[in-house]
Amino acid sequence: MDATEELLNVYDDAARVVGARPRGAAKESGLAVGAINVLVLDERGRVLVQRRPMDKENGGRWDKSVGGHVSAGEDFDTTAVREAGEELFDDPRAPAIRLARDAREFESLARSEDLSRLVLLVRVAFQRNLRDVRHAPGGGLRNVLYHLAIYHGRTAVPIEAFRPQASEIDELRYVSPAELDQLLLDGQLPPNMAFLWLTQAHLLLSARAASPGA
């Protein structure tokens, strides 16, 4: 075992924490690990996506705005804020990340805050016992069991103002929904991002269209 390997929570089928294991062992344990997925829209209705490095799972493919695993001792919301800070600004405590308590607060903050300096998040769903299929580095497939918290986000931060985490992200881009649809059809999305887009796109885009000033 690598002594520096991150410890992850492991969960029973009801999403209760039953222990902590090193990342590799947790994923291979048959128990669920925790994960967060985030889709962020900008003020033009484009989706923020990241291209994964080739030496990572799903390498070379266009993935969700933010994703990550729940570390030992964390809850899902804490992980979402930390991972968004790390991946988008290379800082787990980035002040540009803010989590709303609920949809009402999210819409209020979206109207009142300066989104050119802020990435605003809200949790919208929680899925238990998802069997994920991943492209392993160097070829092959990996299966991992997840409990997944899903978040939507809104921002007006220009792409050049992000500081993507170099070890996790090769490139950040804003893409239109039509462009993201085409990436899906062209096989350029990993399976979990395809799932996320297919299940969340309608809600994500409809919520923006219903917002004042959208």
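This is a predicted model: local features need pLDDT of at least 70, side-chain atom pairs count only at pLDDT 80 or more; totals for chains, interfaces and linings use all residues.
Q: Why is Arg-134 called buried?
A: The relative accessible area of Arg-134 is 11%. Buried means under 20%. Arg-134 therefore counts as buried. Its place is in strand 8 (residues 119–135).

Q: What makes the pair of Arg-134 and Asp-132 a polar contact?
A: The two side chains come to 2.7 Å. The cut-off is within 3.5 Å for a pair of N or O atoms. Arg-134 also touches other residues, including Lys-27, Glu-57 and Tyr-146.

Q: How do you know that Arg-142 and Glu-57 meet in a salt bridge?
A: The N to O distance is 2.9 Å. The rule asks for a side-chain nitrogen of Lys or Arg within 4 Å of a carboxyl oxygen of Asp or Glu. The pair therefore qualifies.

Q: Why does this pair tie together parts that are apart in sequence?
A: Arg-142 lies in strand 9 (residues 141–155), while Glu-57 lies in the loop between strand 4 (47–51) and strand 5 (62–63), so the parts joined are 85 residues apart.

Q: Why is Glu-57 called buried, but Arg-142 partly exposed?
A: Glu-57 has 8% relative accessibility, and buried means under 20%. Arg-142 has 38%.

Notes. Residues are numbered from 1 along each chain as its sequence is written. Side-chain values use heavy atoms; hydrogens and water are left out. Helices (H or I, at least four residues) and strands (E, at least two) are DSSP runs, numbered from the N terminus. Buried means under 20% relative accessible area, exposed over 50%, partly exposed in between (1.4 Å probe, protein chains only). A polar contact is a pair of N or O atoms within 3.5 Å; within protein, one must be able to donate a hydrogen and the other to accept it, and residues adjacent in sequence count only if both atoms are side-chain atoms. Contact means heavy atoms within 4.5 Å. Lists of a residue's contacts leave out its neighbours within four places in sequence.
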